[in-house]
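Here is a short tour for anyone who likes to see geometry spelled out. Have the viewer open and follow along.

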Amino acid sequence: MSLLYSDVDWLPVTQALKSADCIHIVAHVTPDADTIGSQLALFHALKSLGKHVVMHNMDPAPRICQYLQGSEYISHGASIDGLKDADVVVAVDAGSLGRLGFDAAYFSDKTLINIDHHASNTMYGNINLIDARYCATGAMIYDLLQCMNIALSAESAAAIYAAVLTDTTSFRLSTVTADVHRMVADLMDAGADVGLAATSIYQSHRKGRFDILQLCLKGMEICDDGHSAWLWVEQDWYAQTDTQAEDTEGFIDYARSIEGVEVAAFLRADGEHVWKLSLRGQAPYHVGKLAAALGGGGHQYAAGVTLLGTRDEVTEKVKRAVTELFNS
Ligand SMILES: [Mn+2]
């Protein structure tokens with residue numbers, strides 16, 4: 001095994017974790033497999049050191065993560081009274097404090113360690129380990145474990161694999177280097193079951209997903225002379241199709257997969273007049289900067305932001321920004 005990036009200074013993180021007794025690991029709101037996989041991999045590793053470790057998030061873990069060992073120990077909800085004893089909190093894959101969903105006061109008397117690969121990270125921790133070279137936060141945990149001399153267990157390896165698989169859209173992004181593939185070989189050697197990951201993540205969809213996908217694809221728009229594609233999901237479609245927001249995971253890839261499309265946008269209702277916008281782009285465009293200008297953040301090729309307003313208002317605003325991006 002070797003480090004993905006050997007020039008990263010993990011010492012402040014490893015020292016804080018080693019001296020902590022009770023550690024709370026927290027994922028971001030509407031968690032994906034990268035944040036949950038990172039949380040679980042770190043959980044198993046710290047447990048092996050005899051630490052008291054708690055995993056508690058604002059929102060429940062998605063169904064696709066339920067095959068990962070330890071996911072049954074992840075609790076969720078706004079109540080964090082039971083977490084007062086934690087002396088260290090580790091936030092994984094969350095670009096801002098707001099992405100954790102909890103009242104900022106909770107973190108005030110704790111050492112907050114912020115581990116993330118979003119370039120737009122706001123450095124909200126007492127210790128910040130932010131490195132946008134990593135394809136996933138799970139890959140950062142892979143390096144952290146080595147720096148702490150913690151052997152890679154099968155449980156941690158499986159969790160890191162789920163994180164990397166999903167955050168690279170199945171190894172299709174340019175963040176995937178030869179070293180990433182060498183890491184995957186290590187994860188498999190350690191016991192990560194890639195067949196189980198594939199069936200659990202990509203072949204376990206509810207039927208309702210395809211009902212809501214039909215509605216979504218029917219509305220697809222191609223704009224900017226074929227250079228951008230737009231998809232959205234309306235609030236009342238969830239009830240119509242007996243689905244939840246997590247059932248729309250990956251829909252944006254349909255928009256991105258069209259020949260000639262350089263920027264794909266997916267607008268998902270997240271409540272009355274609340275929209276979660278996801279963007280995917282390719283060089284030379286930087287959708288992360290576009291999302292940041294709208295109040296969100298992300299990477300050059302993948303970014304997101306929550307927007308308020310009617311769908312027409314929000315769509316018009318974003319369409320204008322995308323068109324400006326092409327003209328700039
Ligand atoms: Mn991530």
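A residue is called buried if 20 or more other C-beta atoms lie within 10 Å of its own. The model shown here is a predicted one. In this model Asp32 has 21 C-beta neighbours inside 10 Å, so Asp32 counts as buried. You will find Asp32 in the loop between strand 1 (22-26) and helix 2 (33-48). Apart from neighbours within four places in sequence, Asp32 is in contact with Pro62 and Thr166. Cys65 is 33 residues away from Asp32 along the chain, and the C-alpha atoms of the two are separated by 8.3 Å.

Two packed helices are described by the angle between their axes and the distance between the axes. For helix 4 (residues 154-167) and helix 6 (residues 194-202), the axes come within 11 Å and cross at roughly 55 degrees. The two helices, helix 4 and helix 6, are therefore oblique to each other, and helix 4 passes helix 6 in a right-handed crossing. The residues that meet are listed here:

| Helix | Residues in the contact |
|---|---|
| Helix 4 | Tyr161, Ala162, Leu165 and Thr166 |
| Helix 6 | Val194, Ala197 and Ile201 |

By class, this contact between helix 4 and helix 6 holds six nonpolar residues, one polar and no charged.

Now for the domains. The protein chain splits into domain 1 (11-202) and domain 2 (208-327), with C-alpha centres 26 Å apart. Domain 1 gives 10 residues to their contact and domain 2 gives nine. On the domain 1 side, four of the residues touching domain 2 are nonpolar, five are polar and one is charged.

Technical notes: Residues are numbered from 1 along each chain as its sequence is written. This is a predicted model: local features need pLDDT of at least 70, side-chain atom pairs count only at pLDDT 80 or more; totals for chains, interfaces and linings use all residues. Domain bounds come from an automatic or database domain assignment. Two residues are in contact if their C-beta atoms, placed from the backbone, lie within 7 Å. Ala, Val, Leu, Ile, Met, Phe, Trp, Tyr, Cys and Pro count as nonpolar, Asp, Glu, Lys and Arg as charged, and the others, Gly among them, as polar. Axes are lines fitted to C-alpha atoms, for helices over the stretch in contact, and angles run from 0 to 180 degrees between N-to-C directions. Helices (H or I, at least four residues) and strands (E, at least two) are DSSP runs, numbered from the N terminus. Angles under 35 degrees count as roughly parallel, over 145 as roughly antiparallel, 65 to 115 as roughly perpendicular and the rest as oblique. A crossing is left-handed if the near helix is turned anticlockwise from the far one by less than a right angle, and right-handed if clockwise. A residue is buried if 20 or more other C-beta atoms lie within 10 Å of its own, exposed if 12 or fewer, and partly exposed in between; C-beta atoms are placed from the backbone.
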